[in-house]
Amino acid sequence: MASSSGTSSGSTSMIHQNSGSEEDLTALMDQRKRKRMISNRESARRSRMRKQKHLDDLTGQISQLKKDNEQIISSLNITSQHYMNVEAENSVLRAQADELSNRLQSLNEIASFLNANNGGVHAAAADSSCFTEPHDSFFNPLNLSYLNQPITASAEMFY
């Protein structure tokens with residue numbers, strides 16, 4: 001890039017200026033290259049940090065969701081067990097209600113039989129003094145102690 005005009009010393013100084021300019025240009029380009037490289041490294045470091053933070057957030061979210069899931073499963077198990085207990089108790093209560101309904105129907109039939117035959121029983125009892133029955137007899141219609149038995153129903157009989 002030397003100029004053809006001028007003296008040899010001028011030409012040498014031009015070459016020296018040109019080479020100085022080229023060195024300055026190279027140094028400037030190297031400096032820009034280093035800055036860009038440093039900037040890229042810093043940007044990559046920030047990107048890795050953001051990625052790591054996102055990964056840590058997701059890991060924390062996973063552990064929280066697992067904990068919530070365990071609580072829901074535990075609550076579901078407790079509720080299911082409670083449901084089974086209530087269902088068993090309902091079965092027992094239904095059986096007891098059926099038994100009591102049958103007993104009530106039997107008692108109503110006995111009461112209606114006694115009411116229908118009330119006059120005839122007293123007259124027949126006065127005439128039949130030869131036939132004596134024990135007071136605690138099973139066949140005595142006025143002795144209803146055999147109907148006073150406890151209701152026995154349990155949840156096991158339905159499974």
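1. Before anything else, a word on confidence: pLDDT is the predictor's confidence in each residue, from 0 to 100. With that in hand, please keep in mind that this is a predicted model. Over residues 1-9 the pLDDT stays under 50, and the model gives this stretch three contacts beyond four places in sequence. Residues 126-131 also have a pLDDT below 50, with zero contacts in the model beyond near neighbours in sequence. For the protein as a whole, the average pLDDT is 78, and 62% of the residues score at least 70.

2. Now the overall build. The protein has two helices and zero strands. One of them, helix α1, covers residues 8-116. Of the 159 residues in the protein, buried ones make up 5%. The accessible surface comes to about 13,800 Å², and carbon and sulfur atoms account for 58% of that surface.

3. Taking contacts in the protein between residues at least 6 apart in sequence, 72% of them join residues at least 24 apart.

4. On to the charged side chains. Side chains of opposite charge can pair when their charged atoms come close. Here the count comes to four salt bridges. One of them is formed by the side chains of Glu-42 and Arg-45, at 2.3 Å from N to O. Both residues lie in helix α1, three residues apart, or about one turn of the helix.

5. Glu-42 has another partner as well: its side chain meets that of Arg-46 in a salt bridge with an N to O distance of 3.9 Å. The cut-off for a salt bridge is 4 Å, so this pair counts as one because 3.9 Å falls within 4 Å. Along helix α1, Arg-46 and Glu-42 are four residues apart, which means a separation of about one helical turn.

6. Asp-57 counts as partly exposed because its relative accessibility is 45%.

7. Finally, a look at the nonpolar side of the surface. Which residues form a nonpolar patch there? They are Leu-25, Leu-28 and Met-29, and together they have about 280 Å² of accessible area. Leu-25 has its place in helix α1.

Note on methods. Residues numbered from 1 in each chain as written. Predicted model: local features only at pLDDT ≥ 70, side-chain atom pairs only at ≥ 80, totals over all residues. Heavy atoms only, no water. Buried < 20%, exposed > 50% of the residue type's maximum accessible area, 1.4 Å probe, protein only. Contact = heavy atoms within 4.5 Å. Areas by Shrake-Rupley, 256 points an atom, 1.4 Å probe, with all protein chains shown as cover. Patch = residues over 30% accessible without salt bridge, like charges linked within 9 Å, V, L, I, M, F, W, Y side chains within 5 Å.
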